[in-house]
Amino acid sequence: MLSSLHKQLLNDFQQDLPLSATPYQDVADSLGVAEDEVLDAFKELQDQQFIARIGSVIAPNLIGTSSLVAMSVPENHLQSVAEIINQYPEVNHNYERDNRFNLWFVLVAKDSESLQQVMADMELQTGYKMLYLPLLADYFINLGFELDFDD
Amino acid sequence: MIDGVSRQLIELLQQGLPLVSRPYTEIAKKLHLTEDEVLIRVAKLKQQGIIKRLGVVVNHRRLGYKANAMVVFDVPDSLISQIGDHVSQFNFVNLCYQRPRQGDQWPYSLYCMIHGKNKETVLKQLDHLIESCGLQQFKREVLFSKQCFKQRGALYQALEKQQKVISNG
């Protein structure tokens, strides 16, 4: 079960952990608890995978080049095509979605030339065409995600 | 814009801040910097917008937010940045991007992501978004995620290492 300390740590420190030499002490001070309690609670949240990490979220396309890609695959081929796609190390966040374009993933490569090569190879290996949907503009200011613990 | 040392710093921050009393001291040791130098670099990277945030990254699915919808709209180019800015101000919107249209088969230009505890909540939030931002007039599709085939791939990590070599060399 999540304690009220767990919930505060999950909700109140997504945007920014205090930027100081002792961020966990600062968090503890702001909540009126001891630093050890904060460190233990964060460890528990991490061990139970409620937290992916305490770390940075960086602007897109800072490391290499990436693009969203979509494919329209007949239902009976979806599993096998997804397995082929997954074998490429360039593939991240590969999801089935409920649409005629039912397979969606993000490709990350060192430059746009290698990205195009990977896509051409994928089309050859799977026999299906792809939609190339690179980022043109990012409107989102990432303020974290407001969690609702009421139910 | 950023030097090799800051790139390595970002890699370490992407892996996660150590859960110890003086986390930046540990990072500083790995980069042969002082704790102060690391803090100054982090502040600068945040100021430049390279680090969008530095804090708790939650696992939505594990916390019960199992419904995830990608919503796409065909918004005219002349309105897209204004509408994109408006859409991204809603706290249930997780991402908001412009992407190129792909002819008649996929004529959408604005993409946003909504996470919720179930489909019903997500659809209610979407209705609210459509009304508030005046999106009724634009063609749209809602794509809920079904199964996840893969999360983070090996190349992302490999590229981070490779970038380090390039930056250093």
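This is a predicted model: local features need pLDDT of at least 70, side-chain atom pairs count only at pLDDT 80 or more; totals for chains, interfaces and linings use all residues.

User: Which element of chain B has the lowest mean pLDDT?

Analyst: Chain B averages a pLDDT of 88, and 89% of the residues score at least 70. Over residues 163–169 of chain B, however, the pLDDT is below 50. Among the elements of chain B, the highest mean, 97, belongs to helix α2 (residues 23–31), and the lowest, 48, to helix α6 (residues 154–168).

User: How many residues of strand β2 of chain B are buried?

Analyst: Strand β2 of chain B covers residues 67–73. B:A67, B:A69, B:V71 and B:F73 point one way from β2(B), while B:N68, B:M70 and B:V72 point the other way, and all are buried.

User: What is the bridge partner of B:A69 in β5(B)?

Analyst: β2(B) is joined to two strands. Seven bridges link β2(B) with strand β4 (residues 110–116) of chain B, running antiparallel, and there B:A67 has B:G116 as its bridge partner. Five bridges link β2(B) with strand β5 (residues 140–150) of chain B, also antiparallel. In β5(B), the partner of B:A69 is B:F144.

User: Which element gives the most residues to the largest nonpolar core?

Analyst: The largest nonpolar core has 44 residues, and those touching the most other members include A:L9, A:F42, A:I54 and B:L13. Elements of chain A and chain B each give two or more residues to this core, among them α1 and β1 of both chains. The most, five residues, comes from α3(A).

User: Which residues of chain B is A:I54 in contact with?

Analyst: Leaving aside neighbours within four places in sequence, A:I54 is in contact with residues of both chains. In chain A these are A:L17, A:Y24, A:F42 and A:Q46. In chain B they are B:G16, B:L17, B:L19, B:G55 and B:V56.

User: Is B:Q98 buried or exposed?

Analyst: B:Q98 lies in strand β3 (residues 93–98) of chain B. Its relative accessible area is 15%, and the cut-off for buried is under 20%. B:Q98 is therefore buried.

User: With which side chain does the side chain of B:Q98 make a polar contact?

Analyst: Beyond neighbours within four places in sequence, B:Q98 is in contact with residues of chain B, including B:D77, B:I80 and B:S109, and of chain A, including A:P134, A:L135 and A:Y139. The polar contact of the B:Q98 side chain, at 3.4 Å, is with the side chain of A:Y139.

Methods
Residues are numbered from 1 along each chain as its sequence is written. Chains are lettered from A and ligands numbered from 1 in the order in which they are written. Side-chain values use heavy atoms; hydrogens and water are left out. pLDDT is the predictor's confidence in each residue, from 0 to 100. Helices (H or I, at least four residues) and strands (E, at least two) are DSSP runs, numbered from the N terminus. Contact means heavy atoms within 4.5 Å. Buried means under 20% relative accessible area, exposed over 50%, partly exposed in between (1.4 Å probe, protein chains only). Two strands pair if DSSP finds at least two bridges between them. A nonpolar core is a set of buried Ala, Val, Leu, Ile, Met, Phe, Trp, Tyr and Cys residues joined through side-chain atoms within 4.5 Å. A polar contact is a pair of N or O atoms within 3.5 Å; within protein, one must be able to donate a hydrogen and the other to accept it, and residues adjacent in sequence count only if both atoms are side-chain atoms.
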